[in-house]
Amino acid sequence: MKVCVDYGKCTGLGICESLAPDYFEVNDAGDLVLLKEDVSPEDLQAVQEAVDGCPTEALSIED
Amino acid sequence: MSVDTSIKNFVVVGASLAGLRAVEAARKAGFTGTITLIGAESHLPYDRPPLSKVFLEPGADEPELPFFREEATLRDDLGVELLLGEPASGLDTERKVVKLGDREIPYDALVIATGSSPRQLPGAEGLAGVYALRTLDDALGVRAALDRGARTVVIGAGFIGSEVASGANKRGVEVTIVEALPTPLVRATGEAMGQAIASLHERNGTILRCGVGVRRLEGEGKVERVVLDDGSIIDADLVVVGIGIVPNTAWLEGSGVACDNGVVCDETLWTGVPGVYAAGDVANWSNPTLGERQRMENWTAAAEQGAAAARNALDPANAKPYGTVPYFWSDWYDVRIQFVGSPQADEVVLVDGDPADAGRWVALYRRGDRLIGALTVNGQTEIMKYRVQIMKGGSWEDALAFAQSRRVAAAVTRAS
């Protein structure tokens with residue numbers, strides 16, 4: 001499973017970083033950087049929470 | 001996730017973010033019964049943060065209306081019955097019905113997500129050109145006035161008022177903010193940081209007048225001027241009032257649901273009345289993560305609480321506490337202000353940058369020996385690292401050491 005970012009929607013609010021910091025980081029410019037793309041089974045719940053918590057619905061998990 | 005199969009009718013009162021997330025979470029949890037979503041506004045659920053931000057920015061194009069879902073998605077894919085355009089008028093918890101005018105909607109499980117309404121300025125009734133900024137219709141009205149170049153007075157220097165002022169300023173219209181308190185944003189960010197953030201207005205050319213109240217608004221049919229307590233007069237074509245909100249609980253009077261600064265809930269968002277939960281601006285709940293009772297007025301809490309309240313309402317035997325490190329953001333001029341945690345602190349320390357000479361800084365909030373809050377202004381890469389620490393109950397000492405390591409790392413990057 002892979003996590004996908006729609007950079008057209010993302011505004012760098014960072015909720016994802018606080019829920020899954022191994023996968024997401026907002027940089028100095030305020031842009032989201034994907035640290036890891038492949039979601040391991042043990043991280044799935046945290047990444048799913050990040051996806052659900054995104055205010056701009058910019059994140060998704062794809063098979 | 002599971003649901004209690006004796007629950008057939010799930011009703012959500014309030015069709016904004018918390019209400020939407022509640023109905024979505026219900027289906028995600030496997031609930032197959034009837035879902036009814038009741039909303040006072042005639043609009044489908046829409047996202048409010050853009051209304052005071054991108055929505056007011058200058059630009060030739062009309063901004064896209066921020067609806068979350070299409071009607072067909074809600075009705076057909078999620079199987080939600082939409083009752084929009086009329087507010088719930090009462091709740092009978094004995095007979096388990098929500099009253100909607102002369103109709104009665106039965107429920108087995110109920111989520112109250114009726115949100116809040118802007119506080120009104122007394123005496124402003126009947127004057128055109130006076131707005132709160134809460135609804136899509138408000139935002140359309142304010143935007144149209146700004147398009148006409150309205151001389152703008154914003155009453156209240158909180159986040160909503162400040163965002164409106166910023167939008168007006170970007171369009172080059174005359175804008176003044178009037179704030180009754182000597183320092184704005186104290187409740188949200190504390191005294192020192194309230195002052196520091198407010199200085200962004202002057203830095204960007206918006207007039208901010210603090211410590212002076214509004215005596216009255218004047219005009220023939222439409223607002224023409226604002227008269228302040230000190231007798232000074234500001235000419236205005238548009239007045240936006242942002243002096244706080246009050247939770248929408250009047251309809252619950254006599255229902256047996258306890259209200260005190262919102263609907264009083266426990267850690268699971270339960271009201272104590274069988275089957276009745278609350279979420280969003282209207283919910284005053286006990287936040288186990290920070291160990292304090294809070295009523296949030298932000299997007300993050302509305303979204304999370306809506307889902308959590310629905311899951312608990314549909315499976316009360318396995319209800320889980322909802323805890324969070326509160327988070328809100330606000331966009332003014334070219335800065336993003338972000339806050340995590342609680343401003344109820346023993347000490348606030350600036351750990352990076354300086355409000356006096358730059359539009360970028362980081363401040364940390366200490367309660368006892370614990371990190372309890374963090375504020376950043378254009379510190380997008382910093383803020384969430386502190387949210388994680390607060391979630392984990394991190395110590396003040398560790399937070400300061402972390403801030404120091406961030407400063408060193410940044411200095412090394414700049415030097416190389």
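Trainee: Which open sheet of chain B has parallel pairing, and what is its strand order?

Mentor: Strands of a sheet pair through backbone hydrogen bonds, either parallel or antiparallel. Here, in chain B, 5 strands form an open sheet in the order E3-E2-E1-E7-E19, with parallel pairing. Its edge strands, each pairing on one side only, are E3 (80–84) and E19 (276–278) of chain B. Neighbouring strands of this sheet are turned against each other by 15 degrees on average, direction ignored. Strands (E, at least two residues) and helices (H or I, at least four) are DSSP runs numbered from the N terminus, and two strands pair if DSSP finds at least two bridges between them.

This is a predicted model, in which local features need pLDDT of at least 70 and side-chain atom pairs count only at pLDDT 80 or more, while totals for chains, interfaces and linings use all residues. Residues are numbered from 1 along each chain as its sequence is written, and chains are lettered from A and ligands numbered from 1 in the order in which they are written.

Trainee: How many bridges join E1 and E2 of chain B, and which helix packs on the sheet, touching E1, E2 and E3?

Mentor: E1 (residues 9–13) and E2 (residues 34–39) of chain B pair in the parallel sense over 5 bridges; B:Val13 has B:Ile38 in E2(B) as its bridge partner. Helix H1 (residues 17–28) of chain B packs on this sheet, touching E1, E2, E3 and E7 (109–112), with its direction at about 175 degrees to that of E2(B). H7(B) also packs on the sheet; its contacts are E1, E7 and E19 of chain B, and its direction makes about 160 degrees with that of E7(B). Such angles run from 0 to 180 degrees between N-to-C directions, with axes fitted as lines to C-alpha atoms, for helices over the stretch in contact. Contact between two residues requires their C-beta atoms, placed from the backbone, to lie within 7 Å.

Trainee: Why is strand E26 of chain B largely enclosed?

Mentor: All 8 of the 8 residues of E26(B) (residues 370–377) are buried, so the strand is largely enclosed by the rest of the structure. A residue is buried if 20 or more other C-beta atoms lie within 10 Å of its own, exposed if 12 or fewer, and partly exposed in between, with C-beta atoms placed from the backbone. E26(B) pairs antiparallel with E23 (residues 335–341) of chain B over 5 bridges, where B:Ile337 stands opposite B:Val377. The hairpin of E25(B) and E26(B) has 2 residues between the strands, and in it B:Gly368 takes a positive phi near 60 degrees.

Trainee: How many residues of each chain make the contact between chain B and chain A?

Mentor: Chain B gives 14 residues to the contact and chain A gives 13. On the side of chain B, the elements giving two or more residues are H7 (299–314), E22 (327–332) and H8 (380–391). H8(B) gives the most, with 6 residues. By class, this side has 8 nonpolar, 3 polar and 3 charged residues. Ala, Val, Leu, Ile, Met, Phe, Trp, Tyr, Cys and Pro count as nonpolar, Asp, Glu, Lys and Arg as charged, and the others, Gly among them, as polar.

Trainee: Is H8(B) mostly covered or mostly open?

Mentor: H8(B) is mostly covered, with 10 of its 12 residues buried. Among them are B:Ile383, B:Met384 and B:Tyr386, and also B:Lys385 and B:Arg387. Just after H8(B), B:Gly393 takes a positive phi of about 70 degrees.
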